[in-house]
Amino acid sequence: MKKNEKKSKNMHTDENKAIRYLMKEMDPSEEMEFEKLMREDEDLLIEVESLRATRRRLSGLPKKTPPEQLTQKITNDAKQLQSDTLKKSKNITFFVKRGIAAAILLAAFTGGGYYFYTDGSEITPSVSSNSKTIEPWVDRNEILRFSGDQPINQSAALKSDLDKSYEKLELVNDPNANSTGGNGILLTGSSN
């Protein structure tokens with residue numbers, strides 16, 4: 001039974017391809033692949049030949065123009081369908097825009113209400129710093145320096161590490177004499 005369902009599905013797909021093949025709507029590579037399939041599948045070849053014979057018989061029929069009222073009815077039905085579809089899409093767009101505007105207003109009123117009606121217990125107080133701020137500055141030799149003292153609440157171990165690192169620094173006498181090839185980087189530490 002599954003084999004028949006699969007065959008039926010393939011026949012429908014193959015029939016569409018066969019019609020496209022007969023109408024010359026396939027690109028060349030697709031056409032070559034379809035011809036290969038016809039050589040491999042005898043049922044497909046019979047289907048294509050049957051459609052070709054039907055097309056040949058239909059092309060021999062005389063051409064007739066449809067009655068004017070039939071053409072007019074089809075045109076009016078198509079216009080009405082397009083108009084109904086446009087109205088539905090406008091209605092949906094109208095409601096979507098209104099819904100988005102309502103959601104924005106609801107969020108704004110909720111946020112505003114929260115802001116104006118909350119007591120000060122939920123707001124965290126800002127932390128104020130009594131320590132001095134250290135502001136960096138750059139001298140004429142483009143060396144970054146800090147002015148001001150270090151914060152007072154340093155531990156003794158940190159203070160000793162800072163003092164040791166300050167002792168390793170060497171004064172730069174001539175900033176233009178760069179023998180290490182550091183591309184303009186001034187090395188102020190000792191060579192230890």
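Are Tyr 21 and Phe 34 buried or exposed in this predicted model? Tyr 21 is buried, as is Phe 34, where buried stands for under 20% relative accessible area, exposed for over 50% and partly exposed for what lies in between (1.4 Å probe, protein chains only).

The model is predicted, so that local features need pLDDT of at least 70 and side-chain atom pairs count only at pLDDT 80 or more, while totals for chains, interfaces and linings use all residues. Residues are numbered from 1 along each chain as its sequence is written, and side-chain values use heavy atoms, with hydrogens and water left out.

**View 1. Overview of the protein chain.** The chain has five helices and two strands, taken as DSSP runs numbered from the N terminus (helices H or I, at least four residues; strands E, at least two), and along the sequence they follow the pattern α-α-α-α-β-β-α. Of its 192 residues, 6% count as buried.

**View 2. The largest nonpolar core.** Eight residues form this core, namely Ala 18, Tyr 21, Leu 22, Met 26, Phe 34, Met 38, Leu 44 and Val 48; a nonpolar core is here a set of buried Ala, Val, Leu, Ile, Met, Phe, Trp, Tyr and Cys residues joined through side-chain atoms within 4.5 Å. Two or more residues come from each of helix H1 (2–22), helix H2 (28–40) and helix H3 (42–59), and H1 gives the most, with three.

**View 3. The aromatic pair.** One aromatic pair is found in a search of the whole structure, the criterion being that rings of Phe, Tyr and Trp (its six-membered ring) have centres within 6.5 Å, with planes under 30 degrees apart called stacked, over 60 edge-to-face and the rest tilted. The ring centres of Tyr 21 and Phe 34 are 5.3 Å apart and their planes stand at 40°, so the pair is tilted. Because Tyr 21 lies in helix H1 and Phe 34 in helix H2, the pair ties together parts that are 13 residues apart in sequence.

**View 4. The crossing of H2 and H3.** The two axes come within 5 Å and cross at roughly 115°, with axes fitted as lines to C-alpha atoms, for helices over the stretch in contact, and angles running from 0 to 180 degrees between N-to-C directions. H2 is therefore roughly perpendicular to H3, as angles of 65 to 115 degrees are classed (under 35 roughly parallel, over 145 roughly antiparallel, the rest oblique). Phe 34, Leu 37, Met 38 and Glu 40 of H2 make the contact with Glu 42, Leu 44, Leu 45 and Val 48 of H3, contact meaning heavy atoms within 4.5 Å.

View 5. Lys 24 lies in the loop between H1 and H2, where its phi is near 60°, a positive value in a residue other than glycine.
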